[in-house]
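Please look over the sequence and the structure before turning to the notes below.

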Amino acid sequence: MDETLRRQYLAAMGIQGWVSRRPEDPKGGTPPPADPLLEEARDAETQPIADGQSGDEVKLPVGSQEKTAALDWHALRRRVLSCTACDLCETRTQAVFGVGYEDADLLIVGEAPGADEDRQGEPFVGRAGQLLNAMLKAIGLRREQVYIANILKCRPPGNRDPRPEEALRCEPFLMRQIELISPRVMLSVGRISAQHLLKTDTPVGRLRGRIHQIGDSRIPLVVTYHPAYLLRSPEQKAKAWQDLLLVRATLREREA
Ligand code: SF4
């Protein structure tokens with residue numbers, strides 16, 4: 001990627017400078033040409049593992065496909081938009097199905113619609129959505145090239161955390177979306193998404209920086225912070241950038 005363009009994207013993410021940690025040539029010669037961004041991704045990939053769960057394979061929930069297995073995109077969308085399987089149907093403005101390219105290589109999974117999303121019917125709009133768009137641009141992707149969905153399709157009142165029974169009721173919809181898209185890589189943004197997908201209560205800080213695997217297809221899954229959290233904690237953006245580089249490197253590996 002053009003260096004000027006890359007710096008513009010990083011600036012859009014709020015990262016003003018990025019220094020490669022590429023080691024000096026021990027022989028003192030000119031180091032071979034390399035992509036410093038890719039090297040940062042490899043750094044992230046080889047970070048020490050805090051809890052010894054590297055390479056964990058998480059099975060998709062047994063039976064989750066049964067209710068949605070035969071649904072194509074159109075039928076699945078209709079089912080979600082009219083769903084009354086949990087109490088959130090009573091307080092939502094509308095269900096938020098998901099948006100993007102249905103054959104995307106990258107599937108992004110967030111938590112649940114917020115007020116803006118509930119109003120507009122699209123995930124990741126508003127300031128958090130703008131930051132997510134900037135994060136995608138930083139690795140050379142446009143929003144239209146990926147698919148974006150949430151664990152929950154309806155907004156929890158007051159933006160409270162999703163309740164376990166709500167996530168369970170809603171799970172078959174996301175699982176069918178994963179099946180239909182069959183992405184090369186998934187990016188889980190935020191605590192709720194990561195902990196639900198990986199069936200763990202481990203904090204995001206210990207789940208990020210490495211590859212997990214989801215389902216029988218062992219789809220690589222990278223965990224990072226939610227854009228809304230990054231807006232509140234900009235000092236964490238450098239770590240999110242490392243996670244994005246890991247996504248990019250994994251996408252390239254899976255293309256090869
Ligand atoms: Fe149905 Fe999911 Fe909305 Fe609950 S959150 S009503 S399960 S679509």
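A cavity is a set of grid points where a 1.4 Å probe fits but cannot get out. The model discussed here is predicted. By this search, the structure holds two cavities of 30 Å³ or more, and about 100 Å³ of space lies in the largest cavity.

**Overall make-up**

- The protein contains ten helices and seven strands.
- Of its 256 residues, 50% count as buried.
- Among contacts in the protein with a separation of 6 or more, 75% are between residues 24 or more positions apart.
- The protein has an accessible surface of about 12600 Å², and carbon and sulfur atoms account for 48% of that surface.

**The largest cavity**

- Rolling a probe the size of a water molecule over the atoms shows where empty space is left.
- The largest cavity, with about 100 Å³ of space, is lined by 15 residues, and those closest to its centre are Cys83, Cys86, Cys154, Cys170 and Phe173.
- Helix H6 (residues 164-181) provides the largest share of this lining, namely four residues.
- By type, the lining of the largest cavity consists of ten nonpolar residues, one polar residue and four charged residues.

**The largest pocket**

- The largest pocket has a volume of about 510 Å³.
- Its lining comprises 22 residues, and Glu111, His226, Ala228, Tyr229 and Arg232 lie nearest the centre of the pocket.
- The largest share of the lining of the pocket comes from H9, which gives three residues.
- The lining of the largest pocket divides into ten nonpolar, six polar and six charged residues.

**Helix H7**

- Seven of the eight residues of H7 are buried, so this helix is largely enclosed by the rest of the structure.
- The buried residues of H7 are Ile192, Ser193, Ala194, Gln195, His196, Leu197 and Leu198.
- Just after H7, Lys199 takes a positive phi of about 50 degrees.

**Aromatic rings**

- A pair of aromatic rings is described by the distance of the centres and the angle of the planes.
- A search of the whole structure finds three aromatic pairs.
- One of them joins Trp73 and Phe97 in an edge-to-face arrangement, with 6.0 Å centre to centre and 80 degrees between the planes.
- Trp73 lies in helix H3 (residues 73-81) and Phe97 in the loop between H3 and strand E2 (99-100), so this pair ties together parts that are 24 residues apart in sequence.
- Trp73 counts as buried because its relative accessible area is 14%, under the 20% cut-off.
- Phe97 is likewise buried, at 2% relative accessibility.
- Tyr225 and Tyr229 form a tilted pair, with 5.2 Å centre to centre and 35 degrees between the planes.
- Tyr225 is buried, with a relative accessible area of 10%, whereas Tyr229 is partly exposed, with a relative accessible area of 27%.
- Tyr229 also belongs to the residues that lie nearest the centre of the largest pocket.
- Ring pairs link Trp73, Phe97 and Tyr147 into a cluster.

Methods
Residues are numbered from 1 along each chain as its sequence is written. This is a predicted model: local features need pLDDT of at least 70, side-chain atom pairs count only at pLDDT 80 or more; totals for chains, interfaces and linings use all residues. Side-chain values use heavy atoms; hydrogens and water are left out. On a 1 Å grid over the protein atoms alone, a cavity is a set of points where a 1.4 Å probe fits but cannot get out, and a pocket is an open set with protein on both sides within 12 Å along at least five of seven lines; lining residues have an atom within 4 Å of a point. Grid points are joined across faces, edges and corners, and a volume is the space filled by probe spheres set on the points. Helices (H or I, at least four residues) and strands (E, at least two) are DSSP runs, numbered from the N terminus. Ala, Val, Leu, Ile, Met, Phe, Trp, Tyr, Cys and Pro count as nonpolar, Asp, Glu, Lys and Arg as charged, and the others, Gly among them, as polar. Rings of Phe, Tyr and Trp (its six-membered ring) pair if their centres lie within 6.5 Å; planes under 30 degrees apart count as stacked, over 60 as edge-to-face and the rest as tilted. Buried means under 20% relative accessible area, exposed over 50%, partly exposed in between (1.4 Å probe, protein chains only). Contact means heavy atoms within 4.5 Å. Accessible areas come from the Shrake-Rupley method with a 1.4 Å probe; for residues, only the protein chains shown count as cover.
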